[in-house]
Amino acid sequence: MHILDTGARFSAVRFSPVFNPPRRRYFTVSANLPFPKHQAKYHKELEAAIDAVDRACRLCVDVKRSLFSSKDKILEKNDQTPVTIADFGVQALVSLQLSKLFPSIPLVAEEDSLFLRENNLVNSVVSEVIAKASVGDDDHLSDDDVLEAIDRGGKDAYTFCNKPATYWVLDPIDGTKGFLRGDAGLYVVGLALVVNNEIVLGVMGCPNWPGDSSDETKGTIMLSHIGCGTWTKSLLLSGDWTRRFVDECSLVNKARFCIQESQPWESLPLSSRFDAKIDSGDLHGNEIRLLPTCHGSLCKYLMVASGRATVFFLRARTERTIKSWDHTVGIICVHEAGGKVTDWEGVDINLEEDQSERRIIFPAGGIMVSNGSLHDQLLEMISSASPTL
């Protein structure tokens, strides 16, 4: 059976926590898939990923609720990037659950525990994780368990030795600035599985994603599985899965663009052809529609994959590396929604160029994400505007 109907909807059962007596925790997977399991080779991994992201988003919501009432909840790493207890808590939570079910599959993720150890913040993270985790019948989570779970995804935790590999890629919170800005700032928990340089599944959770016009609830979870499409449903609520597709825009001047907040439109090559307009008024002459800033690369992928945006493009800058976790899950979600992701030369993103760690990607010029229909035209415009690429 092939799922092609754009209106197809399937039931989904909300995760229901079971009673956990003291010192006993249970791992349960309750997420139904929007397609028959026999169509999805990695359906067990996908179910686990959905459940892990769902729990991680709950952790984020709980931490954010008390974020501004406790000074030790807002931190800053050495690179001056804002980070919160939620980043570390999500990484620990997801790592614990995946390692229980798939102990042989390594994890590539953003954080490591050194910062927590140095700043006496271990207890804050452990308490958040214990509230959401379930790691085994007789297991009790200690501080060391949580720290080891964080470090399982950290730098130097695993060396791939230039061999084809299967591994998870996690961004615990992409868009931390959005996380810190209240309800208006979007942020995403993103998890993907890579098998031999191919992204085979991905799950993104955005707790404050604005509801569709027919649904005033906030929050969404998006999943993709290779060959099975991209789907969403409301986060933290029961509901149906809905198939998602990129938009059908075929004219560049009618497209809706997303860009990275750190790269203003004037710094990007298409600014030589088009002026950007952010308000909702009519467009004139050489104007294009630029959507308001939403923090984090994965937020932009979610926008394109859901059809809310047409294009997201990012310039690669020599002074800042591009991390794999900022893009991996978004790539499969856009692909399975009918879109396209390449570098600025039209080449697919290679996740194995960082041969030993799989933590960095090296797209020529930058990354282009589109609905597919405009992809080649946009690449040609970028090439003509930037002949040195």
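Biologist: Does Asp171 count as buried or exposed?
Modeller: In this predicted model, Asp171 counts as buried, because its relative accessibility is 1% (buried is under 20% relative accessible area, exposed over 50%, partly exposed in between, with a 1.4 Å probe and protein chains only).

Biologist: Which element holds Asp171?
Modeller: Asp171 sits in strand β5, residues 166–174 (strands are DSSP E runs of at least two residues, helices H or I runs of at least four, numbered from the N terminus).

Biologist: And what does Asp171 touch?
Modeller: Leaving out residues up to four places away in sequence, Asp171 touches Glu110, Val188, Val189, Gly190, Leu298, Trp325 and Asp326 (contact means heavy atoms within 4.5 Å).

Biologist: Turning to annotation, where does UniProt place the "binding site" feature?
Modeller: The unreviewed UniProt entry gives Glu110, Asp171, Ile173, Asp174 and Asp326; such annotations may be inferred rather than shown by experiment. These residues span 217 residues in sequence, yet no two of their C-alpha atoms are more than 9.8 Å apart, so they gather at one spot.

Biologist: Where is Glu110 found, then?
Modeller: Glu110 belongs to the loop that runs between β4 (107–109) and α3 (114–118). Its relative accessibility is 26%, so Glu110 counts as partly exposed.

Biologist: What is Glu110 in contact with?
Modeller: Neighbours within four places in sequence aside, the contacts of Glu110 are Lys77, Gln91, Leu170, Asp171, Pro172, Ile173, Trp325 and Arg359.

Biologist: What conventions apply?
Modeller: Residues are numbered from 1 along each chain as its sequence is written, and side-chain values use heavy atoms, without hydrogens and water. Local features need pLDDT of at least 70 and side-chain atom pairs 80 or more, while totals for chains, interfaces and linings use all residues.
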